[in-house]
Amino acid sequence: MRKNVVKEKLKGGQAVVGVFCNLPSPAAVEMLGLMGYDFAIIDAEHGPMDLETCEDMVRAADATDIVPIVRVALNLPQNILRYLDTGALGVQIPMVNTREEAERVVASTKYPPLGRRGLAGTRASGYGAGMDLVEYVRMANEETLVVVQVETREALANLEEIVAVELVDVVFLGPTDLSAALGHPGQATHTEVLAAIEGAGRTILRAGKGVGTIANSPEAYKHWRMQGFQYLCTGLTSFIAQAGRAHLQAARE
């Protein structure tokens, strides 16, 4: 278990920059760390990687001092537990629509007395040989980042209750699913979608939580930073596609 510098920066009011990694590639995570990104979201929702691959991607993150967050598809205790046992420093749970669902994320992420996560000598605790389990539990409860995603009309309606859950660190506003929920599928920059994200962001900030979303360009990053958003990321595949298209166009001119 190591210190979560992303959580530390967020608590200090700083912004962090990350990348969704939905390719099953430890090398990709390693490169993101070498490039200096703050965090990598290992995408076990929209990515094809299995649990063993996720663990290798966490190892790559540890090797290059980038913070590994796993996006876990299902809000189930034993599911979240297995991904955290790989040594990930946080979880990001999609489609959190109610206060009860947000509380379930926290309970699955934290050890007693803060939650109900099961304890064992796994990679996260140094296999029971790397550090004392008592110290590990204290550190894990302190350092593990809890991110919940708001991306439906129901979640927007329940936002005040979701942000009231004490141990949620960041609320992430998913523009793609919000665009579909608001009747504009695939139009993440539609004015109604942007207005919904901006309005929700103000509610989240008033509650003292970190707020995040997608920022696929420098202009988008500046826009959301001016709105007070701290937890911003792009996607690895879109990142590669943008850079690849620009390179190819320049090469053919």
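Student: Which residues form one aromatic cluster?
Tutor: Phe 20, Phe 39, Phe 172 and Tyr 231 do. Keep in mind that this is a predicted model: local features need pLDDT of at least 70, side-chain atom pairs count only at pLDDT 80 or more, and totals for chains, interfaces and linings use all residues. Residues are numbered from 1 along each chain as its sequence is written, and side-chain values use heavy atoms, with hydrogens and water left out.

Student: How many aromatic pairs are in the whole structure?
Tutor: Six. Rings of Phe, Tyr and Trp (its six-membered ring) pair if their centres lie within 6.5 Å; planes under 30 degrees apart are stacked, over 60 edge-to-face, the rest tilted.

Student: Phe 39 and Tyr 231: why is that pair stacked?
Tutor: The ring centres are 4.5 Å apart and the planes sit at 10°, so the pair counts as stacked. The pair links distant parts of the chain, with Phe 39 in strand S2 (residues 39–43) and Tyr 231 in strand S8, 192 residues apart. Strands are DSSP E runs of at least two residues, helices are H or I runs of at least four, and both are numbered from the N terminus.

Student: Are Phe 39 and Tyr 231 buried or exposed?
Tutor: Both are buried. Buried means under 20% relative accessible area, exposed over 50%, and partly exposed in between (1.4 Å probe, protein chains only).

Student: How are Tyr 111 and Tyr 136 arranged?
Tutor: Edge-to-face, at 5.5 Å centre to centre with 70° between the planes. Tyr 111 lies in the loop between helix H5 (99–109) and helix H6 (133–143), and Tyr 136 is in H6. Both tyrosines are buried.

Student: New topic. What does S7 pair with?
Tutor: Strand S6 (residues 170–173) pairs with S7 in the parallel sense over three bridges. Three bridges also join S7 to strand S8 (residues 231–235), again parallel. Two strands pair if DSSP finds at least two bridges between them. Val 171 stands opposite Val 211 in S7. On the S8 side, Gly 212 has Tyr 231 as its bridge partner.

Student: And how does the chain get from S7 to S8?
Tutor: Through helix H11 (residues 218–226), in a right-handed β-α-β crossover. Right-handed means that, with the strands pointing away from the viewer, the path from the first strand over the helix to the second runs clockwise.

Student: Why is S7 called largely enclosed?
Tutor: Because four of its five residues are buried. Thr 213 is in this strand (residues 210–214). Thr 213 has 0% relative accessibility, so it counts as buried.

Student: Which residues does Thr 213 touch?
Tutor: Leaving out residues up to four places away in sequence, its contacts include Phe 172, Ile 197, Trp 224 and Tyr 231. Contact means heavy atoms within 4.5 Å.

Student: What about the largest nonpolar core?
Tutor: That core has 51 residues, and Val 29, Val 168, Val 171 and Leu 173 have the most contacts inside it. Helix H3 (residues 51–63) gives the most, with five residues. A nonpolar core is a set of buried Ala, Val, Leu, Ile, Met, Phe, Trp, Tyr and Cys residues joined through side-chain atoms within 4.5 Å.

Student: Last one: which residues of H2 are buried?
Tutor: In H2 (residues 26–35), Ala 28, Val 29, Leu 32 and Gly 33 are. They cover an arc of only 140° around the axis, so they sit on the same side of H2. That arc is taken from the directions from the helix axis to the C-beta atoms. The face turned away from the buried side carries the exposed Met 31 and Leu 34.
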